[in-house]
Amino acid sequence: MNELIEKAHFETIMALSEALDAKDSYTAGHSRRVMQYSARIAWRMGMGEAEFGQLKKSALLHDLGKIGVPDAILRKRDKLSEEEFEVIRAHPGIGADILRAVESFRPLVPAVYHHHERFDGKGYPDGIRGDAIPIQARIIAVADSFDAMTSNRAYRSAFPAEAALREIERNKGTQFDPLVADAFVSCTRDMVTDILKDSFDEPEYYL
Ligand SMILES: [Fe+2]
């Protein structure tokens with residue numbers, strides 16, 4: 001793709017993700033932060049450039065299917081019923097269906113469709129496990145959980161970042177790919193250490 005088209009493509013994705021986050025004040029900025037955390041993990045894991053670009057787009061659009069979930073369910077403060085959970089669990093499939101309809105978005109389908117799988121196979125929609133889950137989806141799963149834990153939600157207030165990092169470590173090998181979890185925890189801790197030492201250079205993946 002030439003540079004101008006690629007830029008327009010990325011901006012379209014940014015706009016779509018911002019429209020989605022605007023549905024709910026609790027999710028403002030969520031997609032962008034999930035992209036930034038995902039990029040940080042991929043950088044640390046040495047992901048190739050083409051895959052890295054796809055990952056950033058997939059991370060921005062991971063919850064696109066929530067467009068098809070009624071606000072009354074997304075914003076509910078009380079415990080969800082089993083039927084309501086079923087509706088929420090449809091969002092990766094809805095997102096994948098929307099993306100599949102646009103040829104240039106098709107490469108993003110696997111990461112978006114599988115972002116709620118768990119490393120131990122107890123996730124959804126397909127319940128696949130380990131390396132069978134696309135690496136991009138395993139990365140988005142860690143980034144998404146960290147952002148969910150460190151943000152206020154309708155039903156609870158945010159965890160401190162350190163508690164969220166410990167929670168990610170505690171769920172290595174069950175919910176999360178251990179290599180992905182280690183990459184995220186170590187680079188996040190290193191970044192805090194560098195900031196405290198005043199030697200933090202903003203990596204180019206933030207730009
Ligand atoms: Fe999701």
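**Entry 1: helix 1**

I began on the other side of helix 1, where Leu-4, Ile-5, Lys-7, Ala-8, Glu-11, Ala-15 and Ala-19 are exposed. Helices (H or I, at least four residues) and strands (E, at least two) are DSSP runs, numbered from the N terminus.

I noted that this is a predicted model, in which local features need pLDDT of at least 70, side-chain atom pairs count only at pLDDT 80 or more, and totals for chains, interfaces and linings use all residues. Residues are numbered from 1 along each chain as its sequence is written.

I then listed the buried residues of helix 1, which are Ile-13, Ser-17, Leu-20 and Asp-21. They cover an arc of only 100° around the axis, so they sit on the same side of helix 1. The arc is that of the directions from the helix axis to the C-beta atoms. The buried residues of helix 1 pack against helix 2 and helix 3.

The 19 residues of helix 1 should span 27 Å at 1.5 Å a residue, and its end C-alpha atoms are 27 Å apart, which agrees. The expected span is 1.5 Å times one less than the number of residues.

**Entry 2: the whole chain**

I counted ten helices and zero strands in the chain. The C-alpha trace spans about 50 × 45 × 35 Å along its principal axes. A compact globule of 207 residues would have a radius of gyration near 17 Å, and the chain has 17 Å, which agrees. The radius is taken over C-alpha atoms, and the globule rule is 2.2 Å times the number of residues to the power 0.38.

Of the 207 residues, 32% count as buried. I also looked at contacts (C-beta atoms, placed from the backbone, within 7 Å). Among those between residues at least 6 apart in sequence, 60% join residues at least 24 apart.

**Entry 3: the core**

I looked up the largest nonpolar core, which has 38 residues; those with the most contacts inside it are Ile-41, Val-142, Ala-143, Ile-168 and Phe-184. Such a core is a set of buried Ala, Val, Leu, Ile, Met, Phe, Trp, Tyr and Cys residues joined through C-beta atoms within 7 Å. The largest share of this core, seven residues, comes from helix 8.

Leaving aside its neighbours within four places in sequence, Val-142 is in contact with Ile-41, Ile-168, Phe-176, Val-180, Ala-181 and Phe-184.

**Entry 4: helix 9**

I found Ala-164, Leu-165 and Ile-168 to be the buried residues of helix 9. Seen down the axis, these fall within an arc of 100°, so they line one face of helix 9. On the other side of helix 9, Glu-162, Ala-163 and Arg-170 are exposed.

**Entry 5: two single places**

I located Ile-94 in helix 6. Ile-94 is partly exposed because 19 other C-beta atoms lie within 10 Å. Apart from neighbours within four places in sequence, Ile-94 is in contact with Gly-65 and Gly-68. Ile-94 and Ser-58 are 36 residues apart in sequence and 14 Å apart in space, C-alpha to C-alpha.

Last, I looked at Pro-125, in the loop between helix 7 and helix 8. A cis peptide bond joins Tyr-124 and Pro-125, with omega about 5°.

How values were computed: Buried ≥ 20, exposed ≤ 12 C-beta atoms within 10 Å, placed from the backbone. Contact = placed C-beta atoms within 7 Å.
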